[in-house]
Amino acid sequence: MVGQTRNKLRGAASEPSHFLRSTQSRRRRRATGTGERELEEEPKEEVKRPELPMRTRRGNLPRGARKYSPRRIRNLKTQNCVPVEMVRRTDLLNDRFPFLSSLLELLWDKAQLLQRRQVSGKGTFGIAAFVAILHWVHLITLFENDRHFSHLSALEREMTFRTEMGLYYSYFKTIVEAPSFLQGLWMIMNDRLTEYPLVINTVKRFHLYPEVIIAFCYRTFVGIMNLFGLETKTCWNVTRIEPLNEVQSCEGLGDPACFYVGVIFILNGIMMGLFFMYGAYLSGTQLGGIITVLCYFFNHGEATRVMWTPPLRESFSYPFLVLQMYILTVILRTTNNSRRHFIALCLSNVAFMLPWQFAQFILFTQIASLFPMYIVGYIEPNKFQKIIHANMISVLLCFVFMFGNPMYLSSYYSSSLIITLVIILKRNKIQRFGVSELHFWVIQGSAWFFGTIILKFLTSKILGVSDHIRLSDLIAARILRYTDFDTLIYTCAPEFDFMEKATPVRYSKTLLLPTIVVITYFIFKKAFRDILCVLCANTYLRKQLLEHGEIIFHTLQLFAFTPLAILIMRLKLFLTPHMCVMASLICSRRLFGWLFCRLRFMPLILSLVTVMSIQGYANLHNQWSIIGEFNNLPQEELIQWIKYNTRPDAVFAGAMPTMASVKLSTLHPIVNHPHYEDADLRARTKIVYSAYSRKSAKEVRDKLVELHVNYYILEEAWCVVRTKPGCSMLEIWDVEDPSNSANPPLCSILLKDARPYFTTVFQNSMYRVLKVN
């Protein structure tokens, strides 16, 4: 049910003018998608904020130059409305740091108790619930401040979901708007709009189980509320500045977009509670869990981007990796594991892999971290075999749930599981040859490494999935400096670029990196001594290794995440939170018990937290100061023109980010989209992007006709702008098609006169729609 309708007016012209954000100071919300081939980067330096929370921002070409309009305010003219005065924010020193002082005093009073308290009982769950709610509030606040999401119309909310985010949300919208849930599910499993005229199962191709589950919950929630006659949303009339017309904006869980992002933020809020329990269990004290949470908040911009890009697959998948690693830590530490531990491990693996195609590679790094521990003796062979069995069952379950998707059986992850199990079963036969301990390790390690690679390529060839781009392929291309059209489309995107040089500096300012270096040094020193003792064949010391298995695992996992994050900046998602978890070990008596006996360690820890808080609160203040409102008039004009001036079955082609918005908001068929992993889709996209090459107009027109394209959306910025040297579309095409490198750019020709092969039927400041003749 919908509540009463009220007016909501934009700020008057007399209000302060737009303030432009610098590209180094704020995260961008690309509106037009011009040149956008990936997602945004994090905000960096602090910019002083004006008194009134009305700020504009400009995009970072070539993804577009969307401006933020003054924030909309509700002009409540009804009798029962009370005017709300705007409250100025006080200075940081007078507003934030008193809270910091209170927090430090509280930590000082409770630190000894937390250090001694065991990780169990109502207290731990109470703190976990508190930090979960705190993170949830933090996320929704950042998201609302950034876009003024509550005041946007339904179309504007859809336009905020850029690139593949819009593609994923379109399937949620399809199920929600279908006559029934099952009919909506059938529609997305037999989709003809996404890769016209092909019929594809989008649940299988795009890992859409999150959208299916959330859509089911939404329909159930709205149905129950309607049954009892309860309102689920309140709608407002929004009068916008000329020439924009009046639109409607709705708030509440009854609005599909609000419900969708709300579930995502709740899930990631719960994740923070898991992080507290994870850090507390790993360190053995609740204080360790608090340090994990503080490190995560202080490095929030480096740890996640869910508040800027909620619909991405990682937003659904990563919280289950945290749960999975927590369960695995319990298994490694516990001597006698029950069956429920391994069942929980299996189910968390499934929940992590189903929403995200890259999840398998992360689990492969986990197996690569566990196998050396098994060789040396940090894991009992029987326990390790059960872990492998749980992982293999989870792969088979995902294979079934994803309708026989062969990528689950042809990955490095599945190949490593098979090879590992073979080595475990053949271990005794290898030992019969009487080789030394060191030679035995080398034999097993070599067999695992080469066996995994060979089996992976054999399964890929047998199952016919060698043409899919995986994360491992991008890493190999990065290391080997291999470039072609497909790899450049990925690696030219900032999120797939190398880690920024400023990232380690930001880690150091919050003392996260120095803390991890100190912890890793002592762990490495202890492990080195353990290995020397094992080589001496001391049976008693072999048993002692089992007591520190989980610490060694987290160290090896850190060594795996570090090069991945350096090679691909996007993978900071795994490195930064893992560093935060390992920072809890600074409170571990098992690791630093010898130091606890020599000095007053608690003042040292509180001093560390105090220094962390200085830069940490500055980072948080930078995030809190981001105030803007989404506004993308050129794309709105384009979408409205398509809705009212083309047939419902008219087929469109263009840049991948724009196609996702066209499919979401107009429901017109498209031939290409941002989900670039599939080989056939890459071939289609290459044909579509040939409009930005040096090929002839006739050749491009003929190829588009073969794809049944009726309209082509040309974006001028894609013709001229590049994100970095060698990354403009024209430069990428010169690498791919050197035979035409002497010809003039086709894009500039089409912008001057598209005839006779195309006809310009729509044009604004960003887009041109060319009718394919």
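Are F652 and Y711 buried or exposed? Both are buried, where buried means under 20% relative accessible area, exposed means over 50% and partly exposed is in between, using a 1.4 Å probe and protein chains only.

## Ground rules

This is a predicted model, so to speak of local features the pLDDT has to be at least 70, and side-chain atom pairs count only at pLDDT 80 or more, while totals for chains, interfaces and linings use all residues. Residues are numbered from 1 along each chain as its sequence is written, and side-chain values use heavy atoms, with hydrogens and water left out.

Helices (H or I, at least four residues) and strands (E, at least two) are DSSP runs, numbered from the N terminus.

## The sheet and its helices

Let's take the sheet first. Four strands make an open sheet in the order β4-β5-β7-β6, with mixed pairing. Because β4 (652-654) and β6 (758-763) sit at the edges with a single partner strand each, one side of each has no neighbour in the sheet. From one strand to the next, the twist averages 30°. Two strands pair if DSSP finds at least two bridges between them. β6 and β7 (residues 767-772) pair in the antiparallel sense over five bridges, and T760 has L770 in β7 as its bridge partner. In general, strands of a sheet pair through backbone hydrogen bonds, either parallel or antiparallel.

Two helices lie across this sheet. Helix α28 (residues 633-645) lies across β4, β5 (711-715), β6 and β7, and runs at about 30° to β7. Helix α29 (residues 656-666) lies across β4, β5 and β7, at about 150° to β4. For these angles, axes are lines fitted to C-alpha atoms, for helices over the stretch in contact, and the angles run from 0 to 180 degrees between N-to-C directions. Contact means heavy atoms within 4.5 Å.

## Aromatic pairs

The structure holds 38 aromatic pairs. Rings of Phe, Tyr and Trp (its six-membered ring) pair if their centres lie within 6.5 Å; planes under 30 degrees apart count as stacked, over 60 as edge-to-face and the rest as tilted. F361 and F364 have ring centres 5.9 Å apart and planes at 45°, so this pair is tilted. They are three residues apart in helix α14 (residues 359-376), which means about one helical turn separates them. F361 and F364 are both buried.

Back to the opening pair: F652 and Y711 are stacked, at 5.2 Å centre to centre with 20° between the planes. Since F652 lies in β4 and Y711 in β5, the pair ties together parts that are 59 residues apart in sequence. Elsewhere, one aromatic cluster includes F143, F149, Y260 and F316.

## Cores and a buried helix

A nonpolar core is a set of buried Ala, Val, Leu, Ile, Met, Phe, Trp, Tyr and Cys residues joined through side-chain atoms within 4.5 Å. The largest one has 197 residues, and those with the most contacts inside it are Y260, L370, F574, Y689, Y712, L714 and M729. Helix α9 (residues 256-283) gives the largest share of this core, 16 residues. Apart from it lies another core, of 14 residues, with M659, V662, Y711 and I713 among them.

Now for helix α25 (residues 572-583). Twelve of its twelve residues are buried, so α25 is largely enclosed by the rest of the structure; among them are F574 and H578. That H578 is also touched by Q557, along with M325, T365, Q366 and S369, not counting residues up to four places away in sequence. Q557 itself sits in helix α24 (residues 549-567) and counts as buried at 1% relative accessibility.

Most residues other than glycine have a negative phi, and most peptide bonds are trans. Here the peptide bond from Y196 to P197 is cis, with omega near 0°, and P197 is in the loop between α6 (181-189) and α7 (202-206). R755 and P756 are also joined by a cis peptide bond, with omega about 5°; P756 is in the loop between α34 (746-752) and β6.

As for phi, H148 has a positive value of about 55° although it is not a glycine. H148 is in the loop between α3 (122-147) and α4 (154-160) and is buried at 7% relative accessibility. T163 has a positive phi near 50°, lies in helix α5 (residues 163-177) and is buried, with a relative accessible area of 4%.
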